[in-house]
Every structure is written in structure tokens, then in C-alpha cells.
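Here is a friendly walk through a few parts of this model. Please keep the sequence and the 3D view open as you read.

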Amino acid sequence: MHYQIKKPEELTETEIQYILKLWDISAWSTMTSKDFRAFFIQSEFHVLLDSMERIQAIIRLNFDFTLEISGKKYHFAEAVGLVSAEKNKGYGKKLIQYFLENCVQKNRDVIGFCSSELRIFYEKCQVPILYNKAKDIQEKNDSEWMNSEDDDILIFNASEEKKAILNHLDSTNKAYLIL
């Protein structure tokens, strides 16, 4: 197994179709490779490959992610779309280890989100978690703001200042996802 980072334009047609299959999002099922590359232009893909160069686990890093908190904008990279080709083989955990090292090495502020059901996985991966803080992030749905569907904020890497700001989110101090 080896770790690799690819920009959208570096992914092969086969890899793109395989990623879409792994993600299994119906709205994206008919996406062409050209559309995929355009849609994910602000992303990079972190993959764990086997000896045959097949993707065994993937996570996407979205660089187009900004939260507004108390009138100030905070830019993060957002880790999303973690999935393994096979469950219970340790591929996801191994990819997270490489991913964490990369975030620290590049000194990027990277966060992610999870539901309470997935906490145990991220705890095993030793990803710092801000429990029940994601609910204090508001996302725009048409013309109204709604609570995030996730429960927790995952801290893959962040400055102490940004960690403290996220940790102080609550019902009276909400964050707003800026698109």
C-alpha cells in the first residue's frame, strides 16, 4: 500500500468512475470525467493505493470552505468523502494516518465533520474531535439557515486559535458556512 495525492486533472477516467462508485451519491452517478474535474477544481484527492495501483481508500480535501464566526471569516480546508473499497481491512485508518501527517507537514488548517455513529472510528484514528460542535454550524438551504446534519467537528490540523474558536461554538455563538 502506498499513499498518493492527486489533483482532479491527474485522476484517470477509470479512477474517477471508481471514486464516484465508492461515494455512491445518486446526483453524481452520471457525472462525466470532465464534469468531475470542473466540479472538484478546488480539491485534491488523497488515496491509498494497492500494489496494482487500485484505490483502496480515498478522502477529498476541499479548499473552498469558509466559516463566518462573530462577523469574521475563517478559511479551512475541509476533509470529506472518506470511503474504503473494502470494510474492516484497515485501509481507512491507514489513509487517515497518512492524511494527518500530510496536514501537519503542510501546516494546513483542516477540519472535517462526522455523525456521532462514526466517532469511534475517528477516536481509534486519534483524530481530535470537538464533540457536538457541528450542530452549531449553520448552512444555507435556499433562503433559510439550518443546522448542520453532522454532530462533531474533526480537527485534522488547526492553529490553537482556530481550535479555540471552534470549541466555543454554541447556540448563541454560531458559525455560518459561506459559499
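## Strand E9 and its partners

Cysteine 114 has aspartate 152 of E9 as its bridge partner. This is a predicted model, where local features need pLDDT of at least 70 and side-chain atom pairs count only at pLDDT 80 or more, while totals for chains, interfaces and linings use all residues. Residues are numbered from 1 along each chain as its sequence is written, and side-chain values use heavy atoms, with hydrogens and water left out.

E5 and E9 run antiparallel and are joined by five bridges; two strands pair if DSSP finds at least two bridges between them. E6 also runs antiparallel to E9, with two bridges between them. On that side, leucine 130 stands opposite isoleucine 153 in E9. Helices (H or I, at least four residues) and strands (E, at least two) are DSSP runs, numbered from the N terminus.

How many of the six residues of E9 are buried? Six of the six are, so E9 is largely enclosed by the rest of the structure. Buried means under 20% relative accessible area, exposed over 50%, and partly exposed in between (1.4 Å probe, protein chains only).

## Helix H5 and lysine 162

Helix H5 covers residues 160-167, and its buried residues are Lys162, Ile165 and Leu166. They cover an arc of only 95° around the axis, which puts them on the same side of H5. The arc is that of the directions from the helix axis to the C-beta atoms. Among the elements covering these buried residues are strand E3 (55-69), strand E4 (72-84) and strand E9 (152-157).

Why does lysine 162 count as buried? Its relative accessibility is 14%, so lysine 162 falls in the buried class. Leaving aside neighbours within four places in sequence, lysine 162 is in contact (heavy atoms within 4.5 Å) with Tyr74, His75, Phe76 and Asp109.

The buried residues of H3 are Tyr91, Gly92, Leu95, Ile96, Phe99, Leu100, Asn102 and Cys103. Their arc around the axis is only 165°, which puts them on the same side of H3. Turned away from that buried side is a face with the exposed residues Glu101, Val104 and Gln105.

The length of H3 (residues 91-105) fits too: at 1.5 Å a residue, its 15 residues should span 21 Å, and its end C-alpha atoms are 21 Å apart, which agrees. The expected span is 1.5 Å times one less than the number of residues. Just after H3, asparagine 107 takes a positive phi of about 50°.
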